[in-house]
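Please look over the chain shown below before reading on.

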Amino acid sequence: MITVAEINDIDRLDHFRLAWRALLGKTKGATFAHSPEWLEHYWNHFGHNQRLRILFVTLGNKIIGIVPLVVKPVATKIGTVRVLTYPLDGWGTFYGQIGSNPAATMVTAMRHVHASRRDWDLIDLRYIDQEGHDRQRTLNSFKSVGFQSNQSVWQKSPLINTSEANWEDYLASRTDKTQQQIAKADQLSRKQGPIAFYRSRLEDPSAPGWNPRWDLWAEFQRMNFLDGNQLNIAGGHFSQNKKLSFLHDIHGPAVRSGTARIDALFVNHSLVACAYGLQHGSGTDYLAVGRRDTAPREVITTLITRMVQQSIQDGEPSLNLGLVGNRLSGMWSNQLQTSYRCSHFPITAPRSQLLRMNRWIQKPALQPMGKKKSKADSGINVSSAPKLTPPEKPDSCIEIADDAPQDWSGQHKVRSGSTEDRPRFRIVG
């Protein structure tokens with residue numbers, strides 16, 4: 001018999017950690033954001049006004065699936081509403097259930113939500129990878145329990161596809177203006193001295209001398225993340241300090257799981273720009289990009305140039321810069337990736353019905369599913385510059401080189417803070 005166990009206390013997560021990790025390895029499209037460590041730190045930093053609802057779907061005495069949910073207050077034009085949703089908040093592109101039985105997990109979870117006391121005004125499950133791993137399972141789970149479901153596009157985000165081109169072809173696919181910007185930035189950087197690029201390597205945490213690169217992190221958090229009025233850090237409208245504090249806390253477990261990445265640009269043996277990301281099977285989601293206050297803005301262009309070149313060389317499928325801002329990612333992107341939302345507006349919740357009407361008025365037409373896109377239709381074009389429209393905003397008012405230079409002079413003492421996994425300072429190379 002399939003049942004659901006619900007926990008609402010983050011401290012009880014320890015009892016399910018091993019089962020969670022076992023299911024994570026069987027989850028298609030899993031990212032670090034699907035891990036229990038992610039949820040713990042997300043909750044500690046952003047969960048103060050939310051209610052936790054983690055649903056463990058069990059068959060007999062075995063957990064076969066997990067659906068992490070939160071009830072969060074969301075400000076709208078008609079007042080604050082309680083939304084049952086996923087705990088992601090702009091830190092990733094896709095999210096969903098955990099485990100190898102997505103259909104059974106989602107149907108059972110929605111059956112449990114339907115039968116439980118309603119502590120929400122509407123259900124709004126966002127970041128659904130409908131065209132990839134979900135394949136309408138979420139929508140079908142809503143329908144199976146009688147929820148009046150509404151499905152629409154959540155976001156269209158720019159992506160750098162690096163799997164089907166060499167650097168020369170990719171560069172040729174950029175506009176003349178972009179090519180000139182890349183050449184100008186490279187020339188300006190070279191005038192300052194020799195250029196070196198470093199990408200942190202994945203290492204076995206049990207290996208002797210394992211280094212999670214807290215030395216680079218100490219430098220990274222001192223960067224300037226502003227590009228005009230835009231803060232090049234993912235995660236919504238929180239302050240820079242709050243976002244960096246969250247990234248600091250997830251860095252240790254992310255390194256241990258083999259998903260953390262730091263890309264660094266050195267000019268004249270000095271670190272001038274950094275990018276921080278989380279890797280997964282389809283590429284890397286970058287969560288922050290910054291530069292030194294004394295460095296010109298062009299060093300960001302040079303850094304991303306080296307990032308794209310390295311990923312092409314390594315055979316990495318894609319780089320996602322869309323999370324840190326469209327202004328930064330626009331000139332580099334050659335593909336759009338679409339995430340969806342699946343919503344239910346209870347008839348007995350008047351505010352929910354008003355929001356449903358508002359979204360229905362603004363709802364864009366969805367393309368029919370089922371037809372597999374050809375390369376020509378996929379939005380990937382490496383032979384000519386693609387014309388990408390700006391990424392669409394959510395259609396509702398509900399928003400809520402391998403080694404570092406050995407003569408690098410930036411051997412600063414790491415700031416006091418978490419000492420987890422922190423070895424003595426060492427440059428790998």
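**A covered helix and its surroundings**

In helix H2, the buried residues are Pro36, Glu37, Trp38, Leu39, Glu40, His41, Tyr42, Trp43, His45 and Phe46, where buried means under 20% relative accessible area, exposed means over 50%, and partly exposed lies in between (1.4 Å probe, protein chains only). Helix H2 is thus mostly covered, with 10 of its 11 residues buried. The cover over these buried residues includes helix H1 (17–24), strand S2 (51–59), strand S3 (62–76), helix H9 and strand S11 (270–280). Helices (H or I, at least four residues) and strands (E, at least two) are DSSP runs, numbered from the N terminus.

This is a predicted model, in which local features need pLDDT of at least 70 and side-chain atom pairs count only at pLDDT 80 or more, while totals for chains, interfaces and linings use all residues. Residues are numbered from 1 along each chain as its sequence is written, and side-chain values use heavy atoms, with hydrogens and water left out.

Two packed helices are described by the angle between their axes and the distance between the axes. The axes of H2 (residues 36–46) and H9 (residues 240–256) come within 10 Å and cross at roughly 155°; axes are lines fitted to C-alpha atoms, for helices over the stretch in contact, and angles run from 0 to 180 degrees between N-to-C directions. H2 and H9 are therefore roughly antiparallel to each other, given that angles under 35 degrees count as roughly parallel, over 145 as roughly antiparallel, 65 to 115 as roughly perpendicular and the rest as oblique. On the H2 side, Glu37, Trp38, His41, Tyr42, His45 and Phe46 meet Lys242, Ser245, Phe246, Asp249, Ile250 and Pro253 of H9, contact meaning heavy atoms within 4.5 Å. The residues of this contact of H2 with H9 divide into 6 nonpolar, 3 polar and 3 charged, where Ala, Val, Leu, Ile, Met, Phe, Trp, Tyr, Cys and Pro count as nonpolar, Asp, Glu, Lys and Arg as charged, and the others, Gly among them, as polar.

Another pair of helices is H7 (residues 176–192) and H10 (residues 298–314), whose axes come within 8 Å and cross at roughly 105°. H7 and H10 are therefore roughly perpendicular to each other. Gln181, Ile182, Ala185, Asp186, Leu188, Ser189 and Arg190 of H7 make the contact with Glu298, Val299, Thr301, Thr302, Thr305 and Arg306 of H10, and the residues of the contact of H7 with H10 divide into 4 nonpolar, 5 polar and 4 charged.

Across the whole protein chain there are 12 helices and 14 strands, and buried residues make up 54% of its 429 residues.

Some single residues remain to be visited. Most residues other than glycine have a negative phi, and most peptide bonds are trans. Tyr127, however, has a positive phi near 65° without being a glycine; Tyr127 lies in strand S5 (residues 122–128) and is buried, with a relative accessible area of 5%. His269 also has a positive phi, of about 65°, although it is not a glycine. His269 sits in the loop between strand S10 (260–267) and S11, and at 31% relative accessibility His269 counts as partly exposed.

The C-alpha atoms of Asn49 and Val71 are separated by 8.9 Å, with the two residues 22 residues apart along the chain.
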